[in-house]
Amino acid sequence: MSGPLLQVRAVSRWFGGLRAVDEVSFDLGSHEILGLIGPNGAGKTTLFETISGFIRPTKGAVTFDGRDITGQPPHRLARLGIGRTFQIVQPFREVSVLENVIAGVLGPNRPTADPRVEAMAVLTRVRLDHRAGVLARNLSLPEKKRLEIARALATRPRLLLLDEVMAGLTPAEIDEIMVILADIRREGVALLIVEHVMRAIMSLSDRLVVMANGRKIAEGLPAIVAADPAVIEAYLGRRHHGAA
Amino acid sequence: MKSMLALGLVVALLAAVAPFLSIYGQHIFVLVALYGAVALAWNILGGMAGQMSLGHALFVGAGAYLSTALYLNLGLSPWIGLVLAACLGGALGALMGYTVFRRKLSGVYFALVTLALAEMTLHIVSNVPALGAANGLAIPAQPSMANLQFASKLGYCYVALGVLAVVAVAIIAIHRSRLGYVFLAIRENERSAAALGIDVVQGKVIAAAISGALAALVGPIYANYVLFIDPESVFGITLSIDALLFSFVGGLGSLFGPLLGTVVLVPLTELLRGLLAGRLAGIHLIIYGVILVLVMRLAPRGLWGLLSDAIARRRA
């Protein structure tokens with residue numbers, strides 16, 4: 001392994017006068033799970049959209065596997081090996097679960113032996129194989145979240161960007177997703193996770209990056225970051241920190 | 001393979017039935033096959049890839065005028081004209097798609113651009129003397145295989161059926177390939193499609209090119225069937241609307257629903273026109289309109305949806 005898989009270098013994104021993301025830098029290793037956390041409005045989603053190519057950064061650079069990918073369109077990033085999910089699930093509603101995943105298998109336009117078989121294998125990995133024939137719009141929310149993961153996995157990513165895949169789920173459903181994500185990492189896929197479910201992100205992540213007001217305010221091991229006064233202040237406010 | 005086999009059987013069956021139809025029946029046969037081919041071609045872009053066109057007459061008209069002008073001026077066989085028509089239709093479709101989709105305009109903008117382009121072409125052709133201007137072009141009747149003209153209507157039945165079959169084969173091939181999933185993904189959700197590695201702009205341009213090429217195939221056949229074309233009949237908005245309407249009534253989401261819509265609506269129009277002719281002028285259009293409203297109200301997924309629901313219920 002030579003060098004990090006993903007390098008984010010002083011990336012900024014401004015919307016008019018608002019600095020949604022302000023000079024954020026971090027690295028992500030090729031087998032790492034990196035959690036990206038921060039209060040609402042911290043700029044996590046904007047940063048996420050920038051890395052996945054849906055928003056162009058105003059300044060800064062992103063490299064993937066040593067290659068400069070700054071400002072590349074999403075479909076090219078997907079072909080390079082960056083998969084992503086959407087915070088608000090975006091399934092192909094009017095077709096079956098299996099067809100959703102086949103579209104993921106065929107999307108990057110690389111040779112595949114049997115797309116149908118490959119798609120079924122991916123559905124098994126996220127425990128959705130029993131729902132293969134159902135129309136995607138008829139899935140429950142937790143199932144839709146897993147379909148979102150399956151479709152991204154089907155593109156055979158080396159880095160998977162997950163935007164709040166646990167939001168709105170019950171504790172039992174969250175546990176299920178956590179097991180799935182741990183499996184995915186074991187198979188050699190790096191993960192960048194934006195998440196508000198603290199229990200999950202604390203136990204899954206190897207490292208955390210914390211954002212507030214568009215800036216990175218902390219980075220490091222979960223336990224250490226959680227005790228960082230700047231992080232506590234960002235989440236709970238100055239007065240509470242003073243009392244603590 | 002199964003769907004190709006089924007298609008082959010249906011085509012063979014239709015070909016076997018055609019000789020036993022009355023002259024009027026054969027006329028309806030030709031109309032249904034030609035309109036059906038346009039509707040199916042429209043559906044590749046409008047239904048499969050989800051980009052509504054209001055100007056498919058542009059392709060039909062371009063094909064009809066190209067092959068007819070080449071035949072009349074250079075004596076070029078309409079069979080070659082047919083191939084050139086498809087090339088022109090494909091190029092026009094790609095150009096139209098590229099100019100609009102590259103700017104991330106879709107939906108209603110695309111529909112309006114296609115409408116404008118077809119109307120523009122209609123008015124340009126109406127003012128070009130070399131193309132007969134508003135009077136149109138008449139093809140002298142000289143029935144021969146090389147001229148794509150036939151003494152009886154049966155010949156036209158087979159040629160029209162052939163075009164319809166070509167379009168159907170293309171649809172099945174697309175549906176089974178990666179392209180089918182590219183179209184599906186673009187239709188269902190463009191953001192998700194892009195995240196899966198699909199070049200959305202390229203996919204739409206390809207859909208427009210294929211759809212345009214196949215629609216253009218109908219032009220030369222139509223011209224040689226009627227032996228006369230004028231701007232209004234092949235570039236007119238009526239034809240563009242018909243393609244869309246047959247697809248809506250037949251079922252947008254389905255592969256062959258538009259053909260079903262054509263099979264129902266074309267004979268119906270002809271029948272109503274014949275039955276009510278000379279009584280109340282234009283009443284057949286009112287009845288036609290009422291039927292359309294009823295279908296859309298009662299079967300929002302079209303006749304194909306209605307049919308497949310009924311089959312599913314019987315099986316259950």
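Me: In this predicted model, which residues of H3(A) meet which residues of H4(A)?
Reply: Val97(A), Leu98(A), Val101(A), Ile102(A), Val105(A) and Leu106(A) in H3(A) meet Pro115(A), Arg116(A), Glu118(A), Ala119(A), Val122(A) and Leu123(A) in H4(A). By class, the residues of this contact are 10 nonpolar, no polar and two charged.

Me: Why is H3(A) called roughly perpendicular to H4(A)?
Reply: The axes of H3 (residues 97–106) and H4 (residues 115–125) of chain A cross at roughly 110 degrees and come within 8 Å. That angle makes H3(A) roughly perpendicular to H4(A), because 65 to 115 degrees counts as roughly perpendicular.

Me: What is the handedness of the crossing of H3(A) and H4(A)?
Reply: The crossing is right-handed.

Me: What makes helix H1 of chain A largely enclosed by the rest of the structure?
Reply: Helix H1 (residues 44–51) of chain A has eight residues and seven of them are buried, so H1(A) is largely enclosed. A residue is buried if 20 or more other C-beta atoms lie within 10 Å of its own. The buried residues are Lys44(A), Thr46(A), Leu47(A), Phe48(A), Glu49(A), Thr50(A) and Ile51(A).

Me: Which residue with positive phi follows H1(A)?
Reply: Gly53(A) does, with phi near 90 degrees.

Me: How do you know whether Leu5(B) is buried or exposed?
Reply: Count its neighbours. Leu5(B) has 9 C-beta neighbours inside 10 Å. The cut-off for exposed is 12 or fewer, so Leu5(B) counts as exposed. Leu5(B) lies in helix H1 (residues 2–17) of chain B.

Me: How far apart are Leu5(B) and Gln51(B)?
Reply: They are 46 residues apart in sequence and 30 Å apart in space, C-alpha to C-alpha.

Me: How many residues does each chain bring to the contact of chain A with chain B?
Reply: Chain A brings 22 residues and chain B brings 15. On the side of chain A, helix H2 (74–80) and H3 each give two or more residues. H3(A) gives the largest share, five residues. The side of chain A that touches chain B has nine nonpolar, seven polar and six charged residues.

Me: Which residues touch the most other members of the largest nonpolar core?
Reply: Ala37(B), Val38(B) and Ala160(B) do, in a core of 175 residues. Helix H9 (residues 200–226) of chain B gives the largest share of this core, 18 residues.

Me: What does Ala160(B) touch, not counting residues up to four places away in sequence?
Reply: Ala160(B) touches Val30(B), Ala33(B), Leu34(B) and Ile221(B).

Notes
Residues are numbered from 1 along each chain as its sequence is written. Chains are lettered from A and ligands numbered from 1 in the order in which they are written. This is a predicted model: local features need pLDDT of at least 70, side-chain atom pairs count only at pLDDT 80 or more; totals for chains, interfaces and linings use all residues. Axes are lines fitted to C-alpha atoms, for helices over the stretch in contact, and angles run from 0 to 180 degrees between N-to-C directions. Helices (H or I, at least four residues) and strands (E, at least two) are DSSP runs, numbered from the N terminus. Angles under 35 degrees count as roughly parallel, over 145 as roughly antiparallel, 65 to 115 as roughly perpendicular and the rest as oblique. A crossing is left-handed if the near helix is turned anticlockwise from the far one by less than a right angle, and right-handed if clockwise. Two residues are in contact if their C-beta atoms, placed from the backbone, lie within 7 Å. Ala, Val, Leu, Ile, Met, Phe, Trp, Tyr, Cys and Pro count as nonpolar, Asp, Glu, Lys and Arg as charged, and the others, Gly among them, as polar. A nonpolar core is a set of buried Ala, Val, Leu, Ile, Met, Phe, Trp, Tyr and Cys residues joined through C-beta atoms within 7 Å.
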